[in-house]
Amino acid sequence: MALKKPLLCAALLGDVCHAFDIFPPNFDIRYRLETDVTLVPDVHATDNYMWYLNGYLRVHRYDAKNLAATIELDKHHIPQSEGDVSALLQPFRIAIANDTILSVQFKLNEPIWSANIKRALASLLQAHGDAPGAYVVDEQGIFGSCPTEYFVVNKSNVFEISKTYGMDRCTIYRGAIYLTRSNIPQNHCIPNKQPQAITSRIANYKLRKIEPYRYMLTELDGTMRTNIRTLESYYPQFLYSRVVLRYERHEVVNESATARTGPVVDIVNGMSLLFSPILFDSPDLEATGGRSPKSKERLIKRTASLLNAMADNLETVDNKLKEPYDETVSEIIRLMGTMDLETLKQLYEEIDLGTSYRQETARNIFLEIVPRTGTTSTILLTRDLIMNKQVNPMTAVQLLISLPFYMAEPSQELVKECEVFLEVGADRPDIKHAAVLSYATMIYNTFVAGKLTADTFEKYVKMYFDLFLNSFEYEQQMLYLEGLGNLQLENVAEYLDPIIRADYPQNTDIRFLAMLALLPTAHLRPNQVYETYWPIFHSRTSPLQLRVAAFTMLLFSNPTPGRLLGLYSVIRTENDPHMINFYRTTVLSISETTYPCYQHLKLLLAYMTRQLPDAPAPKYWVTGNYLFDYRDRKFHIGSMLQTMLIGSHQTDLPMIASLKFDTEALGRFTGQLGLYIKARGLSDAVINRLTTFNSSHLKLDRLSSILKAMKLSTISPTPLHFEFIVQFEGKAVLCYHLNQTTFHNLTDGNIINRINLLRDSHVNMQIVRRPFMIKYALPTLIGTPADILIENTVLATIRGNTTQQTMLMDKVARSNQVDVRYSSYAVVKIRSYNPIDDVEYSTIREQGFLVYIPINNEIVWDIAGKSISYSFYRPENMTSGISLKSRTRNTPANESVTMEALEPKEEDITKYGYRLDDLGLQMLARVHQDYTLDNVMFMFETDILDNAKVLTKGPFSLVNNVLRIISLIQLNTIHIGRDKHLTLLIANDQKTLLQGTLKWDTQNYSKQPTVPENEVLRVNLILAHTIPKPEGSRDEVKVLHKWDIVSQYTNFKCDRAARIFFSLTRQEWNSSNWKVRRCLPGVGGSGKYRWGKPYSQTPLLHCGRYSI
C-alpha cells in the first residue's frame, strides 16, 4: 500500500507530488512561536477564555532526510514550582522525504504531552508542490491523512501558499475527533446525517525563494475551529486554536565547525531507538499525558470528599434554590473513570465504613454512580460487589440493569471476566434474571463495537440456546429466550426458527416470544422470514397472537409492493375481525408517521389506505397497532409511542400489550423504553383469591345451588399465565412470569399483616440518572488535548421516616416526615488542558433545575367515628419550591469575577409575592422577564409534524395537542438557553401548623313513615392555622385562622325531592368573623332534574319546596 500511493499521486498530479524545499541545507533558523487556544461559549459572548504558549522554535536542516528542532519558552511560561516542563525543551528529530513529514524521533522516556506538541509543530513544517497553481493532495498530520487544497501564488520571489484542509474526510481522526463516547445510541434510520463535529482548518505560508527550487519558510499562520453539534440548540459553541511562526534570523552552519564544537541541535545522544508516527497519541490512560499524574491517594481523597459533600448538601436547600447548579455527579464520574480496580475498591472500603445517616447517603450515591461510569474497572467492581454479596438483592438488580448501557471500553477480555454472571444460583432468582439479561447485552455491545470475534460470539449464542433447551420451567425458558433476543443478530435466528415453525413440540407462548425476539433482525433475512412466517400468517387455524406476530415480521422484513399486495390478498378474505382491525390500524398509523425508522414503510402503506377493508365493530379495538408520533423539523427532535394490542377471542378483552416509547434528538435516541405484558386468566385468579379471603362472609354453597337450579352452564376458570418484560434500548432488562402456583404463594396468608410489617420505615433513597452524555475528545492545532462534554445528570432523593400507629381496633394514625428533592443538571462544557501551567481551562454553559418538597404531616383515620384528622407542619424559616436557572461561566474563574456577578442584576429581576395569612405561607416568584420572553419565543418557533391518524381523520384533535405539549417539554429539557431565571417558592418565617378534621355521617329515615326526609348526608370540614406550642408548654393553642365548612344533603320521600345546605365560617384571631350560609332547595320528578343555563337556578314549586 505504501508503494501504490506515490505511484497514484504521480499518475494523477504529475509534478504536484514534489514538495517545496523550505529548509535549505545547513540552515539553522530561529522562528518566533506564538500559539493560543480560545474557548468560545457562544457567538455573543464577550468573555472568551484564552490561554497562550509563546516562545521560539529552532529548526536545523540536519541532512537531506532529517530536521533537528527544539522549542524554547518565554520565561514567564516556565513554572517555578508546579511540575516540570523540561521535556518540552528537549530536541527532537523530524524525518522527511521530499519535505513531507514522515515521523518523529524523541528523547528517551518522552512523555505523551510534550511529544504531542512536537508532533503538532512538526506536522506544520511541510508544503507540497513546487510551482504556482491549485491542486489537492493528501497531507499527513496529527489527524491522519487529510485531503488538502493548495493554492500557490508567486509574488516577486515570495511564494504565498493557502491550505484548506478537508477535516471531515480525514482517514483516522475524522473531524479532528479522536474519541467519541456516548451513552445514547445513534439513530441509524436517519440518512445523510450531518457530521457530529464540524471542523474547519486553514493555513497560510510564505516562502522566500533563495535559489531555483530552494526556498525558506518565513511565515506560517494556521488556525483551526471546531464546532460541535450540541443537544441544546440556542447558540453554537466552538473551540479555536492558532499557531503562528515568524522568521527572526538564521545562520549557515559550517560542517567542519560542527565537527569540532558538536551538533547545533543534539539529536543523536539519548534518543529513542524507534521513530514515532506523526499521529496524535491520545492520553487515554492519564488525562494530562504524564504531565501531572494524580496519585491514588489523592484521587480517593478527592472523590470521597465530593461524595460526603453531596450527602451534607442534602441537609440544606436554601443555597441550592439560589444556585441550583450541581455538577458534583458529573465530576465524580470523571474521577472514577480514571481509577483502576484496586483504587476503586479502596474508595468503596473508605466510604463503606460506618452506619451513620451521612455515610449511608454517600454509599448509596456511590453505588448509583458506579455502573454509570462505564470503564472496565467500574464494571469489574460491580461484578465483584454482586458476586461477593456485598450489596443487597435490590441494589444488585439495579446495578445490573444499568451496567451494559454505559460500557465505554468493550473488550473480549471484559466479556470473559464477566462470564460468572451466568453462574448466579437459583437461590438468588431476581439477581439471576437481571444478570443473564445484562450479560447478553454486554456480549452484543462488544460484538457490534468490533471487539469480539465472530467465533466467540457464536459460542455465546450457542451457550444461551443450550441453557434454553436444558430449562424445563417456563420462567427459565422465557429468561434465556429473552437473553437470545438481547444478542439480536442474524445467526440467533438459525437457532430459533425451528422453535417458531414448531418442528418439535413447543407451546404457543414460547413461539410468540421467539418471534418478538427476532423482530429486530427481520430486515436482514427477508427470504428466511417468508419461508418461516408466511405459512403461520396464512393459516386461519393459527393462534391470533402468532398470526399477528407473523404479519409484523413479514411486513418489516421485505417492505415491497409485492409483499404488501400479498398481505392484503389474505386480509381481503379474512373473517377474523381482530386480524382485520390489526391490519387497518397498522396501515393508518404508519401511512402518516414521522418516525424515522418507519419512513421506508410510510410511502408504500400510504397507497394501501385506499384499499382498506371495512372497519369491524368498535369492540375489536382490543387488537390493533396504534402509533402516535411527532417530529420537529427545525430542532430535529421527536418522539414515538407505539402500542400493539392483541385481544382474546373468548372475552374480547386485551390479552397482550406491547408498548414502545422512543425519544430522539439530533440524530440520537435519548430514550428507548419498551414494556410487554401478557395476562391470561388474571381476572379469574384475582376473583378466586378475593373469594377465598371473604369466604366466611359469602354464602357460596347457597349461591352455587341457585345457579345450578337455573341450569346455567359451568365455565372453567382460565389458568393464570402472566408475563412482564421491561426493555431499554430494545434490550430486555427485567422479565417475570407468574402462574397459578406462584400467584397463590404470593397471595397466601394474611396480606394485611404483611403490609403492616412495612408500616414503620426509615427512608434514605438516592437515585442517580445520566439521561444523556456525549463526549468528543480532540487535539488542538498545537497538540494539546481538549474535549467537549454534553451531559445531563439527575439526582433524586427521598429521605425521612414514616410511622404508623394503630391506636384502637378502628383507629389508625400515620405520620410522615419526608423530604423529596429532584435536581437536574444539564451542561455543555468545553475543556482545554494547558500542560505548561498544568491547568484545565473550561467554559461552561449550564442549567440547573431543582424541586424541593418537604412533607411533614399526620393523618388519623377514625373508622368508627367516620372522620379523618390531619395536620401539616412546617418549621420556622423553611423555603421550598422550584428553581430553574442557566448561566455561562469560566473555570478557573477570573479573580475579579465573583459567583454573584454571574447572576443577573437585581434590578433586572421582576418579583412577585402574595401572602396567604390563612395558611401562614408566602408565595414568591422571581423571573428575568427579558430573557424569559426570549427563551419562550424561541421554543415556540417550532415546525412540528404530528401523527395521530389512527384515532382521528381530522387535522386537529386532543392527541395532536398532547403531542405538541410533549414536544415543548422535550425541547425545554435539552435547550439550555441564555440566562434563564425562574423561581417559584413557598416560604414561612415562623413555625406554622395546619390541622383539621373531615367528618361525615349518614342518617336513613326510609323506614320511618312519619319523617319526611328519606336520607341525610352530612360532611363537615375544619381547617385551622395555629402556632405550635413549645414542648412542655401548658398554654392553649393559639388559633390564628379557622375555616369551618358545614354541608348537608337531604333527599325527601316526596317524589325524590332534594335540598342542599352549605355553610362557610371564617374566624381570625383578634379580628372580625364572617359567615356565609346558602340553602339550595331542589326537586326532581320521575328521576329527572331540571336545570337552566350554567350557574343559574330555575325555581319550580313541587311538594311545597323549590327545586333547582
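1. Let's start in the strands: tyrosine 150 stands opposite lysine 163 in β8. Keep in mind that this is a predicted model.

2. Strand β6 (residues 133-141) and strand β7 (residues 144-155) run antiparallel, with 9 bridges joining them. These two strands also form a hairpin, again with 2 residues between them. If you want a pair to check in the viewer, aspartate 138 has proline 147 of β7 as its bridge partner.

3. Now the helices. Two packed helices are described by the angle between their axes and the distance between the axes. For helix α4 (residues 296-313) and helix α8 (residues 357-369), the axes come within 8 Å and cross at roughly 120°. That angle makes α4 oblique to α8, because only values of 65 to 115 degrees count as roughly perpendicular and only those over 145 as roughly antiparallel. As for handedness, α4 passes α8 in a right-handed crossing.

4. Who touches whom at that crossing? On the α4 side, Leu307, Asn308, Met310, Ala311 and Asp312 meet Arg358, Thr361, Ala362, Ile365 and Phe366 in α8. Sorted by type, the residues of this contact come out as 6 nonpolar, 2 polar and 2 charged.

Definitions and conventions. Residues are numbered from 1 along each chain as its sequence is written. This is a predicted model: local features need pLDDT of at least 70, side-chain atom pairs count only at pLDDT 80 or more; totals for chains, interfaces and linings use all residues. Side-chain values use heavy atoms; hydrogens and water are left out. Axes are lines fitted to C-alpha atoms, for helices over the stretch in contact, and angles run from 0 to 180 degrees between N-to-C directions. Helices (H or I, at least four residues) and strands (E, at least two) are DSSP runs, numbered from the N terminus. Angles under 35 degrees count as roughly parallel, over 145 as roughly antiparallel, 65 to 115 as roughly perpendicular and the rest as oblique. A crossing is left-handed if the near helix is turned anticlockwise from the far one by less than a right angle, and right-handed if clockwise. Contact means heavy atoms within 4.5 Å. Ala, Val, Leu, Ile, Met, Phe, Trp, Tyr, Cys and Pro count as nonpolar, Asp, Glu, Lys and Arg as charged, and the others, Gly among them, as polar. Two strands pair if DSSP finds at least two bridges between them.
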